[in-house]
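Trainee: I am new to this structure. Please show me how to read its features.

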Amino acid sequence: MRALLLIDIQNDFLPGGSLAVPEGDAIIPIVNRLQGQFDLVVATQDWHPPQHKSFASQHPSKSVFEVTELNGLEQVLWPDHCVQGSVGAEFSAELEQHRIEAIFRKGTDPEVDSYSGFFDNGYRKSTGLAGSLRGKGVTEVYLAGLAADYCVYFSAKDALAEGFKVYYLEDAVRAISTEGFQKAKADLVERGAQIIPSHTLL
Ligand code: VGL
Ligand code: ZN
């Protein structure tokens, strides 16, 4: 059984959003077409309280994109984004949503960031995604969404560690940085993921 995992296709990561990923909107028509090829479609949603400590605004002496430490973990300080209940946190209005069977929210604990759809960055808490997928008989996970070098990458790593066969759809993701994208792909290949173009599924 194959599942399509749609990672954080939210307004704040799209052009005009507070943490816009370059060309993030280019993936939406692809992702909409892909959904019909899957037994199961699941989404993740970055869902932060307004005072989340990953926000640079919570550290008055620090600036956006500065790297610091948060409760023992390396932390990039982001612009405020995906605040619970805000328009920026909503899925794109262009995203086809009727086939999404479940939404896994993450980043709700103000003290720890959560890039992966499976666990927070400190592996303190599971979202339940792995168990849910296994419970539905899923063995293969295909990843699409934003950002390729953060939440898609960390989700793919955890999916591999959880024992799923992992496919990273390289044209159905966009990255915050091109260097980060190359690094993410190289690392995922080393860990056993397949990097594939989405047309192989269409
Ligand atoms: C993301 C940075 C902060 C992502 C989420 O969805 O890739 N990146 N929060
Ligand atoms: Zn976030």
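Mentor: We will go through a helix, the core, some backbone angles and the ligand shell.

Mentor: This is a predicted model, where local features need pLDDT of at least 70, side-chain atom pairs count only at pLDDT 80 or more, and totals for chains, interfaces and linings use all residues. Residues are numbered from 1 along each chain as its sequence is written, with chains lettered from A and ligands numbered from 1 in the order in which they are written.

Trainee: Which residues of helix H1 are buried?

Mentor: First, the general idea. An α-helix has 3.6 residues a turn, so residues three or four places apart point the same way. Helices (H or I, at least four residues) and strands (E, at least two) are DSSP runs, numbered from the N terminus. Buried means 20 or more other C-beta atoms within 10 Å of the residue's own, with C-beta atoms placed from the backbone. In H1 (residues 27-34), the buried residues are Ile27, Val31 and Leu34. They sit on the same side of H1, because they cover an arc of only 60° around the axis (taken from the directions from the helix axis to the C-beta atoms).

Trainee: What covers the buried residues of H1?

Mentor: The cover includes strands S1 (2-7), S6 (140-146) and S7 (165-174).

Trainee: Which residues touch the most other members of the largest nonpolar core?

Mentor: In soluble globular proteins, nonpolar side chains tend to be buried together. A nonpolar core is a set of buried Ala, Val, Leu, Ile, Met, Phe, Trp, Tyr and Cys residues joined through C-beta atoms within 7 Å. The largest one here has 52 residues, and Val141, Leu143, Ala144, Ala147 and Val152 touch the most other members. Among the elements that each supply at least two residues of this core are S1, H1, S6 and S7.

Trainee: Where is Asp8, and is it buried or exposed?

Mentor: Asp8 lies in the loop between S1 and H1. It counts as buried, with 29 C-beta neighbours inside 10 Å.

Trainee: What should I look for in the backbone?

Mentor: Most residues other than glycine have a negative phi, and most peptide bonds are trans. Asp8 has a positive phi of about 50°. Phi of Cys82 is also positive, near 45°. The peptide bond from Leu146 to Ala147 is cis, with omega near -15°.

Trainee: Which residues are around ligand 1?

Mentor: A residue counts if its C-beta atom, placed from the backbone, lies within 6 Å of the molecule. The residues around ligand 1 include Asp8, Leu146 and Ala147.

Technical notes. A residue is buried if 20 or more other C-beta atoms lie within 10 Å of its own, exposed if 12 or fewer, and partly exposed in between; C-beta atoms are placed from the backbone. Two residues are in contact if their C-beta atoms, placed from the backbone, lie within 7 Å.
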